Amino acid sequence: MQGLEEQEPTVRIRALKKDRVNFVLENVNLAFANSVRRVVMADIPTVAIDIVEIETNTTVLPDEFIAHRLGMIPLISTNCDEAIRYTRDCVCLAGCDFCTVRLLLHVACQDHTTMDVTSNHLEVLPPDTRGGFSEETEAPDNGEEISKRSEYFGHPVGKNDLKLPPVLICKIRKGQELRIRCIAKKGIAKEHAKWSPCSAISFEYDPHNKLRHTTYWFENDIRTEWPLSENAKEEEPERDDELFDYNAQPTKFYFEVETDGSLGPQEVVMKGLAELQTKLANLILGLKTQPELDMMANDEQATNGNIAENTWGTNAGGGGGTNASSGGGWTSSAWGGGTSPRGSGWGGGTSPRGAWGGTSPNRRNAWNATSPGGGGSGSGWGTGASAGWGSPDGQANGWTV
Ligand SMILES: [Zn+2]
């Protein structure tokens, strides 16, 4: 078996739909595949309702029950890195237009039939309007976030799509009423599961169980009692005379990512990888000694403060840091986009800035250490024609659907 270090990781997309992607990740180890899964599950920021002011609730459900259900409604969170800040990073006192999205829910039933209150009844207030919220502070006027929001940013998923059924909040009868003000904030699922962009993410490896990582219980015949998964077609079955290879390692992983609609599957996977890069870069930075950090600072000064352009990596291909003075310890074979003959690297191949890059000119370290969302504009998940998701079947950009 060829060593992992000799083969570049490849991604082959098998199916891509509006809310899910199925892909095969090869030539990485089990720890990496699981890291991707964990990061996608828990570390990608979205917006979700976080504060609820209940003015009227004459329904049968108690206030906290409804507040919880409102929090779990997925809201469209495209480009969350740039379109909204964390409230904790904002200069406002108690939430402003740059760090929150305000929603109103006002439903009263006048009919004799039971009425469904759904996510379609939630109305998003435009950023510059006030909806009678109890704590309102003036927005500091130095942000660009609002201009970077898409048209339906913060709207409940499916509100503008007749084909998608809305999320049921509660049912009311004649005379009952709900009047609620909601404040949605940016967050990650490590804090609360309502911020997870994924409803499910899983991977399978070794479908024939050649590695014996699983022990199947059976009565008579293991092959008839444990049907093989679809992924088994991708690999050779075990021969009866094959000896058990106790040194074998899994290298091929069959991923299935399903989102709740707040982010698309492409954004989820690409941001997950960028987030993983950021975490590893922070780890490397944390392991550096003070003399090494001083040396990095000197290098940055030598480039006249233009550090975001080229501190990591000698080419424009992303995070493959081959610059010895930056000492990042990465080799371009693992991460650098652009250099792979099949275009199968991780980095956004055409980004003029490094895949670690942020844009702040006064940053001291080369990677964006403070933003949980990964690099700034021009980082990893490039939208260029040769963004690094080339699939082996020759399609330049595997996401074109
Ligand atoms: Zn704010």
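**Salt bridges, zinc site, cores and rings**

Biologist: How many salt bridges does the structure hold?

Modeller: This is a predicted model, in which local features need pLDDT of at least 70 and side-chain atom pairs pLDDT 80 or more, while totals for chains, interfaces and linings use all residues. Residues are numbered from 1 along each chain as its sequence is written, and side-chain values use heavy atoms, with hydrogens and water left out. With a salt bridge taken as a side-chain nitrogen of Lys or Arg within 4 Å of a carboxyl oxygen of Asp or Glu, the number in the structure is 25.

Biologist: Is Arg239 buried or exposed?

Modeller: Arg239 meets Glu242 in a salt bridge at 3.9 Å, N to O. Glu242 has 28% relative accessibility and so counts as partly exposed (buried is under 20% relative accessible area, exposed over 50%, partly exposed in between, with a 1.4 Å probe and protein chains only). Arg239, with a relative accessible area of 53%, is exposed.

Biologist: Are Glu267 and Lys271 buried or exposed?

Modeller: Their side chains form a salt bridge at 2.7 Å, N to O. Glu267 and Lys271 are separated by about one helical turn because they are four residues apart in helix H5, residues 265-287 (helices, H or I of at least four residues, and strands, E of at least two, are DSSP runs numbered from the N terminus). Both Glu267 and Lys271 are buried.

Biologist: What is the arrangement of the four donor atoms around the zinc ion?

Modeller: The SG atoms of Cys90, Cys92, Cys96 and Cys99 lie 2.2 to 2.3 Å from the zinc ion and follow the spacing C-x1-C-x3-C-x2-C. Of these residues, Cys92 and Cys96 are buried. Donors are N, O and S atoms within 2.8 Å of the metal (3.2 Å for Na, K and Ca), and sites may look incomplete since water is not among the atoms. The donor atoms subtend angles of 100 to 117 degrees, and four donors with all angles between 85 and 135 degrees count as tetrahedral, so the arrangement is tetrahedral.

Biologist: Which residue in E2 is the bridge partner of Val11?

Modeller: Strand E1 (residues 10-16) pairs with strand E2 (residues 20-26) in the antiparallel sense over six bridges, where pairing needs at least two DSSP bridges. The two strands form a hairpin with three residues between them. Across it, the partner of Val11 is Leu25.

Biologist: Which residues in the largest nonpolar core touch the most other members?

Modeller: A nonpolar core is a set of buried Ala, Val, Leu, Ile, Met, Phe, Trp, Tyr and Cys residues joined through side-chain atoms within 4.5 Å. Of the 25 residues in the largest core, those touching the most other members are Ile49, Leu70, Leu103, Leu105, Val117 and Leu122.

Biologist: How many residues apart in sequence are the parts that Phe203 and Phe255 tie together?

Modeller: The count of aromatic pairs is six (ring centres within 6.5 Å; planes under 30 degrees apart are stacked, over 60 edge-to-face, the rest tilted). Phe203 and Phe255, both buried, form a tilted pair at 5.0 Å centre to centre and 35 degrees between the planes. Phe203 lies in strand E9 (residues 198-205) and Phe255 in strand E10 (residues 252-259), so the separation in sequence is 52 residues.

Definitions and conventions. Four donors count as tetrahedral if all angles lie between 85 and 135 degrees; four count as square planar and six as octahedral if opposite donors are over 155 degrees apart and all others between 65 and 115; anything else is irregular.
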